[in-house]
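Subject: Structure handover and notes

Hello,

My notes come after it.

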Amino acid sequence: MIFEKERQGMQVTKAKDSTLQILRGLAITVVLVHHAISRIGVGGWMRNIDEILICFHMPAFFIVSGFLYQRNLKKYESEGKWNFLQKKAKHLLIPYMFWYVLLWIGVQVACLMGDSVKDMLTGIGFAPMGIGEMLYGLLTFEIYYVEHLWFLYVLFLYFLIHSLIGELGSSEAIFVIGILMGVSTCVIAYPNIISRFMIWFVFFSFGRFMERHEEVIIQIKEGKWLAPLLLFVVLSIARIFLFDVEPEINKYVLAIVRQIIKYTLGFLGVWLLYMVDRYLNRIKNRLTILVKIIGDYSYDIYLMHNPYFLALSSTVLYGFLGVNALLTIVIAVILGVSIPMIASKFIIRRFKILSFVMLGEG
C-alpha cells in the first residue's frame with residue numbers, strides 16, 4: 001500500500017532513491033487539493049481541475065499498493081495467507097473502524113448542544129444516526145460520515161482477493177478483466193462499496209503487473225514525455241466537455257466513453273506524478289525533502305485530514321468568513337498536511353495504544 005509504514009515497503013528502492021516516498025507525498029497532496037475544492041463547491045475552472053484530479057489521485061495509491069504487494073509476495077506467502085490477512089486487517093480495518101466511530105460519537109455529542117447545531121451538521125453532511133445505522137454504514141459503506149475511508153475497505157478486499165488468486169493477479173488477463181469490471185459499473189448499479197471495488201481493481205492489478213515486468217518501468221523512464229502530455233491535455237478537455245454536455249447518444253454508451261476516458265487519464269495522471277517524482281529525485285533540493293517527509297506521513301495525513309482539519313477549515317474559511325476560494329484551498333491543504341504530521345510525530349506515534357487504534361501499527 002502506498003501509505004504502508006512497514007519498513008520493508010519503505011526500502012524497496014535502491015539506496016538514496018526516494019521514489020516511493022516522494023510519490024506518496026505528491027499523491028496525498030493531490031487528494032487534499034481535491035477534497036478542498038469539492039468541500040467548498042466552487043464551479044468554473046476550479047471545478048474543471050477537480051474533475052481531472054479525481055481521475056488519477058486514487059489510481060496512484062492503488063498502483064503503488066499493487067506494486068509493493070507483488071514485490072513482497074514471496075514473503076507474504078512464506079508467512080501464510082492467514083497471518084498476512086491478519087496484519088492487513090490490523091493495519092487497515094482497525095483505523096477504519098476507529099475514525100468512523102470517533103466521528104459518529106462526536107456528531108452525537110455535538111447534536112446534544114441544540115437544534116441549531118444539529119441542523120448545521122445535517123446541512124454539511126453529518127446528520128445524527130442511531131447505533132444501528134452506524135453499524136450498517138460501517139459494514140456496507142452505504143451510510144457514512146468519512147467518505148475518504150472507503151480506500152481502506154476496498155484495499156483490504158484487494159489484498160483478500162489477490163491472496164487467493166496468487167500470481168494470476170499480476171497477469172495481463174486480470175488487467176483486462178479489471179477494465180471490464182470498471183466498465184460494467186456504467187450499466188450495472190452495484191452497491192456502493194462493490195462499485196468502488198470494481199472501478200479501481202484494474203490499477204492494483206496493473207501495479208502488480210509493473211513490478212513483475214521491469215521492462216514496463218524501463219520503457220516509462222526512457223519514453224518520450226510530450227505525446228503522453230498532449231494526450232492528457234486532449235482527454236482532459238474531452239472529459240470536461242462530456243461533463244457539461246449531454247450528447248444525443250445512448251446513455252450507456254456515453255457512460256462507457258466517460259469511463260474509458262477516466263481510466264486513460266488515470267494512467268496518464270500517475271505517469272505525470274512519476275515524471276515530477278523523477279525530477280524532484282534528481283534535483284534533491286528542499287522541496288524534495290519536504291515532499292519526501294509528507295510521503296513518510298502520508299498514511300497519517302490520509303486518516304486524519306478529512307473531515308477534522310481540511311473539511312472544517314474549508315467550510316469555515318469559505319462558507320462563514322468569505323475567504324477567497326483559492327486562498328481557502330491553500331490554507332486548508334497546509335492545515336490538512338501539517339496538523340496530522342505534528343499530531344502523529346509528537347503524540348500518536350509515541351503511545352502504543354494510540355498508534356495501534358489510530359494508525360493500525362504496533
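The notes below go through a pair of helices, then some individual residues and the loops between helices.

Please keep in mind throughout that this is a predicted model.

I would begin with helix H4, which covers residues 81–111. Its 31 residues should span 45 Å at 1.5 Å a residue, and the C-alpha atoms at its ends are 44 Å apart, which agrees with that expectation. When you follow H4 along its length, you will also find a kink of about 35°, centred on Ala89.

How do H4 and H17 cross? The axis of H4 and the axis of helix H17, residues 352–359, come within 6 Å and cross at roughly 90°, and the two helices are therefore roughly perpendicular to each other. On the H4 side, the residues that meet H17 are Lys90, His91, Ile94, Pro95, Phe98 and Trp99, while H17 brings Phe356, Val357, Met358 and Leu359 to the contact. Sorted by class, this contact has 8 nonpolar residues, 1 polar residue and 1 charged residue.

Ser236 is part of helix H11, residues 226–244, and because its relative accessibility is 8%, under the 20% cut-off, it counts as buried. Apart from its neighbours within four places in sequence, Ser236 is in contact with Ile52 and Leu265. His213 sits in the loop between helix H9 (192–212) and helix H10 (214–222), and with a relative accessibility of 18% it counts as buried. With neighbours within four places in sequence again left aside, His213 is in contact with Ser170 and Glu172.

The remaining notes concern the backbone in loops. Phe141, in the loop between helix H6 (131–140) and helix H7 (150–165), has a positive phi of about 60° although it is not a glycine. Lys284, in the loop between helix H12 (251–283) and helix H13 (286–296), also has a positive phi without being a glycine, with a value near 45°. Are these residues buried or exposed? Phe141 has 0% relative accessibility and so counts as buried, whereas Lys284, at 49%, counts as partly exposed.

Finally, please look at the loop between helix H14 (298–305) and helix H15 (310–320), where Pro307 lies; the peptide bond that leads from Asn306 to Pro307 is cis, with omega near 5°.

Best wishes

How values were computed. Residues numbered from 1 in each chain as written. Predicted model: local features only at pLDDT ≥ 70, side-chain atom pairs only at ≥ 80, totals over all residues. Heavy atoms only, no water. Axes fitted to C-alpha atoms, helices over the stretch in contact; angles between N-to-C directions. Helix = DSSP H or I, 4+ residues; strand = E, 2+ residues; numbered from the N terminus. Parallel < 35°, antiparallel > 145°, perpendicular 65-115°, else oblique. Contact = heavy atoms within 4.5 Å. Nonpolar A, V, L, I, M, F, W, Y, C, P; charged D, E, K, R; others polar. Expected span 1.5 Å × (residues − 1). Bend = angle between axes of the 7 residues up to and from the residue. Buried < 20%, exposed > 50% of the residue type's maximum accessible area, 1.4 Å probe, protein only.
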